[in-house]
Amino acid sequence: MYVKDKMATEVIMINLNASVTEAIDLLGENNLHRLPVVDGKGKLVGLLTASTISKNTPNNSSSLSIYEINYMLNRIKVSDIMIKDVMTISKDDLIEEAAKKMREHNIGCLVVTDKDNSVEGIITHNDIFDAFISYLGYHQKGTRYTIAIPEDKIGVLNDISRCFAEKEISISHLVVDHSDRGIEVVVIATGKNSSKAKDILKKNGYTLTNITELKG
């Protein structure tokens with residue numbers, strides 16, 4: 001899965017010379033938390049977030065009157081308070097790379113740019129969550145099997161697949177998880193026979209630690 005598969009392509013942006021008042025209105029009208037900031041040529045130069053505005057501007061709790069606050073917000077430009085060091089990613093990068101960058105830098109989004117630094121999209125932590133759910137197949141209707149693997153050896157996945165094939169059960173997703181519990185293979189089975197793999201797996205010596213019916 002690639003960044004382009006999950007990113008939002010209809011991105012609302014703001015010019016670096018716009019006022020903070022304009023930015024606040026744009027965020028509110030579109031129920032957004034962040035705006036990529038571009039120059040006159042449409043090139044990315046920064047990122048403005050709701051929290052950045054809150055940290056760098058006066059608010060109703062200050063000693064200023066509402067008129068004074070509005071005056072100041074109109075005077076402050078987006079370029080004065082925007083985040084200048086913006087993390088970006090290419091639409092052709094793997095979704096895992098986007099998740100890794102967000103996790104390492106403790107940020108909630110990445111601006112997707114082309115080689116000329118023009119904005120092509122934006123990907124957020126919610127998009128990463130959607131990708132995670134899709135990877136694991138939890139959105140499918142079927143049966144989720146968690147199979148404990150005592151020993152990591154060649155042919156295990158082939159053998160597990162054979163068990164499902166013998167019962168004419170389709171596998172839509174398969175994930176190998178290495179954790180403190182050891183190795184577990186998670187299989188999402190679909191179709192009318194999806195719940196009938198339990199007996200044949202046990203017959204072939206596999207321990208099932210969880211079986212969950214997925215409603216889709």
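Start by selecting β7 and strand β10 (residues 207-215): the two pair in the antiparallel sense over 8 bridges. Pairing here takes at least two DSSP bridges between two strands, and strands (E, at least two residues) and helices (H or I, at least four) are DSSP runs, numbered from the N terminus. This is a predicted model, with pLDDT of at least 70 needed for local features and 80 or more for side-chain atom pairs, while totals for chains, interfaces and linings use all residues. Residues are numbered from 1 along each chain as its sequence is written, and side-chain values use heavy atoms, leaving out hydrogens and water.

Click I147 and you'll find L208 of β10 opposite.

Next, pick helix α8 (residues 156-166), whose buried residues are V156, I160, C163 and F164. Buried means under 20% relative accessible area, exposed over 50%, with partly exposed in between (1.4 Å probe, protein chains only). Look down the axis of α8: its buried residues fall within an arc of 95°, so they line one face of the helix (the arc uses directions from the helix axis to the C-beta atoms).

What do the buried residues of α8 pack against? Show β7 (141-149), β8 (170-179), β9 (182-190) and α9 (198-203).

Finish on L201. Beyond its neighbours within four places in sequence, L201 is in contact (heavy atoms within 4.5 Å) with Y145, I147, C163, F164, Y206 and L208.
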